[in-house]
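Reader: I am new to this structure. Could you walk me through it?

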There are 6 protein chains.
Amino acid sequence: MSKLFQVNRETDPIWREIRHETEQQILGEPLLASFLHAVVLRHDTLEESLSLHLAQKLGAPVLGEIVLNEILQEALTSNRTVGAAIRDDLEAIRERDPACDRYSLPLLYFKGFHAISTYRVAHYLWEQGRSELALYLQNRCSEVFGVDIHPAARIGSGILVDHATGLVIGETAVVGDNVSMLHEVTLGGTGKDTGDRHPKVGSGVLIGAGAKILGNVTIGDCAKIGAGSVVLADVPSHCTVAGVPARRVGTCGDQPSRDMDHRISGYEFD
Amino acid sequence: MSKLFQVNRETDPIWREIRHETEQQILGEPLLASFLHAVVLRHDTLEESLSLHLAQKLGAPVLGEIVLNEILQEALTSNRTVGAAIRDDLEAIRERDPACDRYSLPLLYFKGFHAISTYRVAHYLWEQGRSELALYLQNRCSEVFGVDIHPAARIGSGILVDHATGLVIGETAVVGDNVSMLHEVTLGGTGKDTGDRHPKVGSGVLIGAGAKILGNVTIGDCAKIGAGSVVLADVPSHCTVAGVPARRVGTCGDQPSRDMDHRISGYEFD
Amino acid sequence: MSKLFQVNRETDPIWREIRHETEQQILGEPLLASFLHAVVLRHDTLEESLSLHLAQKLGAPVLGEIVLNEILQEALTSNRTVGAAIRDDLEAIRERDPACDRYSLPLLYFKGFHAISTYRVAHYLWEQGRSELALYLQNRCSEVFGVDIHPAARIGSGILVDHATGLVIGETAVVGDNVSMLHEVTLGGTGKDTGDRHPKVGSGVLIGAGAKILGNVTIGDCAKIGAGSVVLADVPSHCTVAGVPARRVGTCGDQPSRDMDHRISGYEFD
Amino acid sequence: MSKLFQVNRETDPIWREIRHETEQQILGEPLLASFLHAVVLRHDTLEESLSLHLAQKLGAPVLGEIVLNEILQEALTSNRTVGAAIRDDLEAIRERDPACDRYSLPLLYFKGFHAISTYRVAHYLWEQGRSELALYLQNRCSEVFGVDIHPAARIGSGILVDHATGLVIGETAVVGDNVSMLHEVTLGGTGKDTGDRHPKVGSGVLIGAGAKILGNVTIGDCAKIGAGSVVLADVPSHCTVAGVPARRVGTCGDQPSRDMDHRISGYEFD
Amino acid sequence: MSKLFQVNRETDPIWREIRHETEQQILGEPLLASFLHAVVLRHDTLEESLSLHLAQKLGAPVLGEIVLNEILQEALTSNRTVGAAIRDDLEAIRERDPACDRYSLPLLYFKGFHAISTYRVAHYLWEQGRSELALYLQNRCSEVFGVDIHPAARIGSGILVDHATGLVIGETAVVGDNVSMLHEVTLGGTGKDTGDRHPKVGSGVLIGAGAKILGNVTIGDCAKIGAGSVVLADVPSHCTVAGVPARRVGTCGDQPSRDMDHRISGYEFD
Amino acid sequence: MSKLFQVNRETDPIWREIRHETEQQILGEPLLASFLHAVVLRHDTLEESLSLHLAQKLGAPVLGEIVLNEILQEALTSNRTVGAAIRDDLEAIRERDPACDRYSLPLLYFKGFHAISTYRVAHYLWEQGRSELALYLQNRCSEVFGVDIHPAARIGSGILVDHATGLVIGETAVVGDNVSMLHEVTLGGTGKDTGDRHPKVGSGVLIGAGAKILGNVTIGDCAKIGAGSVVLADVPSHCTVAGVPARRVGTCGDQPSRDMDHRISGYEFD
């Protein structure tokens with residue numbers, strides 16, 4: 001297994017930081033010391049660490065931990081894009097989630113990061129023509145993390161999926177870079193015909209908890225979708241929409257996904 | 001254990017097709033070959049296959065796989081209705097879900113089909129007076145699939161539950177035939193008194209993702225409930241409702257559950 | 001491990017009742033007899049019973065059942081508040097959930113009670129400075145029960161979390177006593193800055209399924225938040241709000257959390 | 001799976017007795033009640049009971065419990081011989097082992113009976129040409145019970161293998177009916193050439209603990225091999241041999257395997 | 001559960017030493033750090049530590065780890081004798097086994113100590129009239145450790161069972177204090193009648209690997225039984241016997257069990 | 001992890017043969033197809049295959065499969081000696097065991113090969129100063145395979161351990177090349193003092209089932225130790241010894257370990 005695209009330990013600042021953080025924690029909680037060592041400290045790269053951690057969560061009698069670990073490692077190191085994406089995801093979570101003050105938290109404990117990383121592997125397998133294995137992983141991801149992402153969907157990097165339970169992303173959906181999605185977000189299809197039928201979400205978009213975006217609609221860059229909204233139509237860039245059905249309620253600045261500001265002007269209680 | 005109501009392998013076209021599909025897949029993915037053989041190819045009937053698959057997912061130290069398998073098989077072959085219902089469910093999913101181009105996909109990988117089938121077993125046990133076991137299975141179904149259906153609920157056949165996470169169906173709910181429900185749909189009760197307090201959903205109804213229908217209200221045949229809607233009142237047949245609270249927004253044709261058209265007229269973004 | 005704060009078997013009417021209920025059930029279902037004995041009948045206190053049951057659900061190779069059981073027992077018996085809270089929770093569920101006619105049902109089978117009890121343990125660990133272990137438990141709770149409660153949140157007693165899947169409660173949220181929350185409720189933050197950014201929910205509040213309350217807003221005592229509502233602003237006491245965004249739709253009486261009346265005046269379908 | 005050769009519950013006195021014994025025990029030990037119910041009381045036949053029990057012991061991720069149970073059941077009911085043999089084995093143990101006062105003890109707890117029964121299944125598979133599966137079972141039997149019997153060996157009925165650990169029986173060995181073998185007995189080969197190279201043991205033979213019988217030698221009917229003996233030559237019928245190497249030390253009567261008398265005349269300490 | 005008979009941490013020199021040894025090891029092997037912490041360092045008493053360790057080895061779906069741990073703890077602290085015996089066993093191993101330079105080695109890694117301790121628990125249960133549970137534990141001990149000791153046997157303290165695999169001790173056997181037994185030793189019965197039929201082994205006896213002692217014979221104090229011997233008759237005190245059948249080959253001094261000298265005068269190769 | 005010493009797939013005839021054998025078997029037994037693929041066919045080297053297989057057998061919550069697999073791989077590829085030794089072992093088994101007509105049988109199913117390979121890893125760890133991990137592996141090997149080899153022992157290559165249960169090899173034992181040992185062989189110590197106290201076994205030696213060799217004695221090259229013998233003194237080269245105690249009974253030719261001839265002249269029954 002060639003690992004051409006693994007970032008070196010010395011030159012990977014996120015991995016160096018994760019190791020540093022873990023060294024701090026390991027002394028204080030002996031019950032988790034071997035776990036932290038096995039998942040983090042004994043590895044040279046983030047990819048090895050993440051593979052092992054996911055393989056232990058997703059392993060089952062059907063497909064055991066060791067073989068799954070090898071498949072995950074192969075996928076995570078298969079090209080530059082994947083490695084960059086998971087690092088961008090970690091950066092995104094650290095920056096945007098105030099409850100996250102360490103890179104190691106999402107790596108170790110955040111279902112959203114685990115689920116998106118699993119999707120990245122399933123997507124790789126799908127692209128390689130291993131659809132049965134990809135669908136198997138999609139099912140495991142849905143059972144273990146409560147997140148259902150079709151392996152054919154295309155998702156960019158710098159993605160924050162916070163809390164994650166209930167997230168659904170359909171087969172022909174496309175998600176840009178630096179998007180933040182909360183739990184129970186749906187990028188769903190409409191109609192029973194095959195073909196392009198899921199949303200196209202631009203970059204920098206913030207999608208609030210429970211929002212449903214349905215059909216082959218386009219969400220422009222840096223748009224903001226209010227929590228609980230139902231979106232059945234295109235949303236222009238830098239536009240804030242909210243409500244059931246979603247209506248335009250304002251414009252938004254640079255990258256709402258980075259601000260994580262879920263307030264909607266006009267939503268104040270009178 | 002008499003299995004009077006099992007469909008014969010030769011005369012069951014769905015089962016024949018599932019076996020055919022699996023024979024195609026098994027060659028391409030050796031890591032899953034034994035899984036596909038054990039779940040599908042070594043069985044004579046769909047009921048045996050489904051029992052084994054669910055037993056392996058729901059088995060736990062409290063109630064091991066072998067005994068659970070026997071209980072599942074007994075329930076699935078107990079009468080004509082159950083066997084017909086799971087076949088209708090498979091047909092419904094294959095027909096209505098564009099991401100599903102094989103009968104074997106829901107059998108193997110779709111949580112919604114797994115959860116509804118588990119409910120069908122729990123309902124059988126409830127009817128037999130084995131309420132403790134039925135409640136145990138409800139809990140396992142909620143833990144493993146994220147779907148909480150009370151075993152006393154009455155649900156017809158030809159049901160599509162897509163993505164499934166978060167589905168809740170209460171004790172006195174009734175659901176007709178050929179209904180499509182997306183994830184996070186709630187058919188919930190209202191009030192704290194026992195008695196009939198959950199929705200009655202007709203046939204051919206489509207309920208969009210995240211819709212909450214609460215109380216002993218009637219949803220007429222072939223109605224359509226928009227995603228994210230909150231329904232606290234009766235909905236006439238062939239009526240489309242949407243919004244929080246749900247308002248009538250149009251009428252709908254034959255069986256919206258079959259079209260899976262989640263668009264709502266008037267929900268386009270201006 | 002001193003267990004100063006465990007209620008004695010003779011003087012704990014709920015525990016006595018749970019034992020009595022279980023003795024009735026155990027004869028009818030031999031497949032669950034040892035389970036019911038091990039979880040309920042062989043224990044002197046509710047705390048021992050609940051610890052064992054949760055430890056068997058949350059145990060994993062990282063942290064095995066026996067050690068986890070000891071941690072759970074220590075937390076549940078650490079002070080009077082915790083023991084009182086879980087009893088109030090059981091009372092609340094029994095009183096308010098018509099599908100629950102026995103105290104033993106939530107103890108044995110309700111994910112909501114299991115998740116809130118797990119939170120109570122994680123919160124204790126967080127307060128003791130064992131944050132790594134608390135975050136580990138939060139993750140297990142999210143994986144097993146689909147419920148994500150930050151261990152730093154502060155939650156009162158007499159809490160009913162019905163169905164539970166998808167519940168999210170953030171780091172600086174505060175929840176009063178006698179609150180009822182349905183599944184998919186979010187008490188979420190807004191913005192990316194640390195600090196106080198989650199809702200403060202008073203006592204006696206009822207929050208309907210799928211409602212999202214976001215930001216450092218105050219929900220007054222005995223308010224009622226309609227299902228599927230999105231609340232981004234303060235809600236006065238005894239006020240009923242509903243909609244996306246939530247608007248005031250009425251007032252409500254004593255403690256809506258106790259009535260579990262999800263009907264909203266004005267939400268009838270015309 | 002036709003089960004032509006299963007003995008009916010009403011007409012199988014051993015099975016009726018086992019059920020009766022178990023009903024007596026189940027009341028006294030609630031921690032084992034569900035185990036006793038699942039292994040014994042819920043079955044109509046001894047074959048079903050034994051299959052389930054062995055499948056739970058020998059199941060592994062490679063070959064799960066449910067499929068293994070089906071294979072075991074098929075083998076145990078494949079012909080009259082197997083069913084008769086396991087009943088004769090149970091009779092033999094009950095009659096000859098003073099520590100065994102119930103038929104249910106070997107069924108539930110005796111490794112020797114479990115190992116011989118596993119061999120009977122592996123032998124059936126070997127005869128059916130499923131050698132890979134037979135060798136897999138041989139390995140599992142050796143790992144779980146410490147008993148290594150080649151599936152091609154031919155072993156009669158009414159066999160007592162007491163304590164069992166370390167028993168080795170080679171590929172071309174033959175064992176008659178009503179033989180008693182203690183733990184650490186070896187019926188081993190000699191030489192490196194394939195072909196008939198293991199002992200042929202007659203009926204009614206008693207082989208003491210740790211005895212090694214090596215090569216294609218014949219042990220006549222009703223012979224007695226002293227504990228710890230090494231036998232490299234034929235032993236006539238009704239002959240007692242002992243020592244390293246084994247020498248004739250006496251004659252023995254009817255069936256030494258039934259008397260279990262391990263005393264050797266001349267072995268008294270002076 | 002009253003724990004009257006647990007030795008206090010401060011006043012138990014062996015436990016203090018084990019904790020000290022473990023503190024030394026834990027730094028050097030992070031992969032085992034949590035194991036060492038969970039098994040040793042987080043406990044106040046040897047009994048708690050040993051219970052947890054054995055429960056994790058012997059736990060199974062039939063009887064889970066937590067409940068088994070409680071049963072083990074109850075038995076190990078039930079009276080002064082048991083606690084004293086396991087400490088004497090540890091002393092014996094440390095003193096007599098040159099490969100053992102730490103008390104923590106047998107506690108953590110020696111099957112012989114694990115098996116004898118399991119017997120001590122099964123014997124307690126047998127004495128309490130819980131024979132079904134005792135027989136279940138005997139079976140687990142035989143499967144996991146390859147050691148088959150009937151729970152009714154009576155065994156003293158200061159016992160070294162080195163390597164352990166294959167050890168068999170029958171129902172009416174009695175073993176004194178300060179006995180050393182190697183692997184594959186049998187204290188077996190003879191005849192098929194119930195009643196007193198197993199060896200009575202005095203104190204200070206050394207029994208070499210593979211020795212078989214059969215029948216209700218008496219092995220006097222401080223006797224020495226050569227490896228591979230077969231003993232069918234009484235052996236006087238301070239007497240060395242060896243051979244098949246065993247013959248007197250010398251006398252032996254103080255306590256051969258303490259010297260572990262397996263040499264036999266006259267056994268030198270000419 | 002540098003893998004300098006792995007033999008290349010193209011240039012490793014044993015590995016090529018194992019792959020070829022497995023390809024033949026995989027078609028006939030679909031239930032084992034994924035197992036055979038995962039253990040054999042998806043690997044480039046024997047070392048990878050063996051690591052995975054042993055890790056799945058020896059993995060436990062204390063030390064999970066993935067990390068154990070890495071440790072095993074590191075040890076098996078650490079130097080030329082280990083890789084050569086396991087290949088010589090496979091050759092030895094194939095050549096000398098008539099029941100073994102394929103290299104893949106010992107790799108997949110023979111406890112003796114699994115145990116010796118585990119020892120080779122434990123010995124490597126011991127040499128690296130990781131004694132705690134080495135002792136942990138020794139214990140796992142004893143529990144799972146019933147084979148107890150001290151990691152400090154020194155064992156050559158071309159070793160056949162047939163059937164394996166009960167094998168014991170002590171701390172200061174040395175075993176040469178091309179040795180065949182049957183089950184229940186002991187290379188044990190004598191005395192309670194540390195230091196050199198175990199046998200030194202030359203090359204080409206055959207040790208029959210159940211033989212006990214005790215103390216710091218020398219077994220010369222190409223000696224043959226009869227089954228069940230007890231050896232307490234040096235044995236010259238090319239010498240056959242047998243009995244309790246072992247006496248010289250003849251001479252033996254080239255390499256008795258290769259002939260596997262367990263017959264002893266003079267041991268015929270008169």
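Reader: How many residues does helix H5 of chain A have, and what does it reach from its first C-alpha to its last?

Author: First, some ground rules: this is a predicted model, where local features need pLDDT of at least 70 and side-chain atom pairs count only at pLDDT 80 or more, while totals for chains, interfaces and linings use all residues. Residues are numbered from 1 along each chain as its sequence is written, and chains are lettered from A and ligands numbered from 1 in the order in which they are written. Helices (H or I, at least four residues) are DSSP runs, numbered from the N terminus. H5 of chain A, residues 80-96, has 17 residues and reaches 24 Å, close to the expected 24 Å (1.5 Å times one less than its number of residues).

Reader: Which residues of H5(A) are buried?

Author: A residue is buried if 20 or more other C-beta atoms, placed from the backbone, lie within 10 Å of its own. In H5(A), the buried residues include Val82(A), Ile86(A), Leu90(A) and Ile93(A), and also the charged-class residues Arg87(A), Asp89(A) and Arg96(A).

Reader: How is chain A divided into domains?

Author: Domain bounds come from an automatic or database domain assignment. Here, domain 1 covers 1-146 and domain 2 covers 170-270, with C-alpha centres 27 Å apart.

Reader: How many residues of chain C are in contact with chain B?

Author: Contact means that C-beta atoms, placed from the backbone, lie within 7 Å. By that rule, 37 residues of chain C are in contact with 43 residues of chain B. On the chain C side, the largest share, three residues, comes from H2(C).

Key. Two residues are in contact if their C-beta atoms, placed from the backbone, lie within 7 Å. Helices (H or I, at least four residues) and strands (E, at least two) are DSSP runs, numbered from the N terminus. A residue is buried if 20 or more other C-beta atoms lie within 10 Å of its own, exposed if 12 or fewer, and partly exposed in between; C-beta atoms are placed from the backbone.
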